[in-house]
Amino acid sequence: MLPTTLTALLTLLPFALAQYDSPNYPAGTTSSAAAAPSASGIHIMEVGKGGLTFSPDTMTVPVGDSVEFRFYPMNHSVVQSTFQAPCVPSGNSALFSGFMPVSSGVGQNKFTVKINDTGAIWLYCSQATHCQMGMAAVINPPTDKTLDSYKRAAVNTNSSSPSSVQGGTVSSASSSSSSSATPKSNAGSKDEVAGKFVLVVAMAVAALML
């Protein structure tokens with residue numbers, strides 16, 4: 001029969017280990033899972049990759065999510081228009097990324113736009129005749145209008161751009177937002193305490209067996 005002290009220690013061991021394995025974080029902290037951004041929160045649209053295209057050129061994005069435009073050679077832009085007037089800015093507040101010259105690969109800068117409502121956003125590239133050649137896209141397309149119709153109407157238009165970047169944020173494509181940072185976990189400290197408890201139990205067993 002095991003001594004009373006040893007029996008008590010072995011009885012407490014499972015409860016101690018269970019306590020340190022549970023996700024009881026100190027007040028004011030969050031788990032890494034809670035801090036990680038939603039995988040669907042950012043939707044990537046590539047501008048000029050493989051030719052005069054947006055890829056994908058049709059996208060459905062929930063309110064609150066963002067679209068991140070990434071740019072490829074040679075020099076492209078993203079401008080918002082209306083369906084009725086392709087290749088022309090939709091107004092004084094039309095989205096405009098500015099022109100993004102890229103020599104090779106993906107550009108150093110990205111243009112990020114947050115989606116605030118479910119209305120259709122018609123987009124085009126205002127560089128030279130890119131819009132007239134079919135370089136257009138739509139976010140949250142309506143059921144009664146198509147991108148193909150937009151492109152056909154764009155053939156005989158003249159492109160123009162707003163005077164300055166607006167409606168979104170230009171930033172480094174390699175930068176990471178603070179919201180995506182993972183807070184330091186306290187898992188190491190929990191494992192350390194549990195390990196010390198096991199060590200104490202082992203030493204007590206060894207002492208009692210002498």
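**Pocket, buried residues and backbone of a predicted model**

Visitor: What is the volume of the second largest pocket?
Guide: A pocket here is an open set of points on a 1 Å grid over the protein atoms alone, where a 1.4 Å probe fits, with protein on both sides within 12 Å along at least five of seven lines; lining residues have an atom within 4 Å of a point. Volume is the space filled by probe spheres set on the points, which are joined across faces, edges and corners. In this predicted model, the second largest pocket has a volume of about 160 Å³.

Visitor: Which residues line the second largest pocket?
Guide: Residues are numbered from 1 along each chain as its sequence is written, and side-chain values use heavy atoms, without hydrogens and water. Local features need pLDDT of at least 70 and side-chain atom pairs pLDDT 80 or more, while totals for chains, interfaces and linings use all residues. The lining consists of Gln80, Ser93, Leu95, Val113, Lys114, Ile115, Asn116, Asp117, Gly119, Ala120, Ile121 and Gly167.

Visitor: With which side chain does the side chain of serine 77 make a polar contact?
Guide: Serine 77 lies in the loop between β5 (75-76) and β6 (79-81), strands being DSSP runs of E with at least two residues, numbered from the N terminus. Its relative accessible area is 0%, so serine 77 is buried (under 20%, 1.4 Å probe, protein chains only). Beyond its neighbours within four places in sequence, serine 77 is in contact (heavy atoms within 4.5 Å) with residues including Val47, Phe54, Tyr124 and Ser126. The polar contact (N or O atoms within 3.5 Å, one able to donate a hydrogen and the other to accept it), at 2.7 Å, is with the side chain of serine 126.

Visitor: Which side chain makes a polar contact with the side chain of histidine 76?
Guide: Histidine 76 is found in strand β5 and counts as buried because its relative accessibility is 2%. A polar atom of its side chain lies 3.2 Å from the backbone oxygen of proline 73. His130 is among the residues in contact with histidine 76, as are Leu52, Met100 and Met135, neighbours within four places in sequence being left aside. The side-chain partner, at 3.2 Å, is histidine 130.

Visitor: What value is phi of cysteine 87 near?
Guide: Most residues other than glycine have a negative phi. Cysteine 87 sits in the loop between β6 and β7 (100-101), and its relative accessible area of 0% is why cysteine 87 counts as buried. Its phi is positive, near 70 degrees.

Methods. Helix = DSSP H or I, 4+ residues; strand = E, 2+ residues; numbered from the N terminus. Buried < 20%, exposed > 50% of the residue type's maximum accessible area, 1.4 Å probe, protein only.
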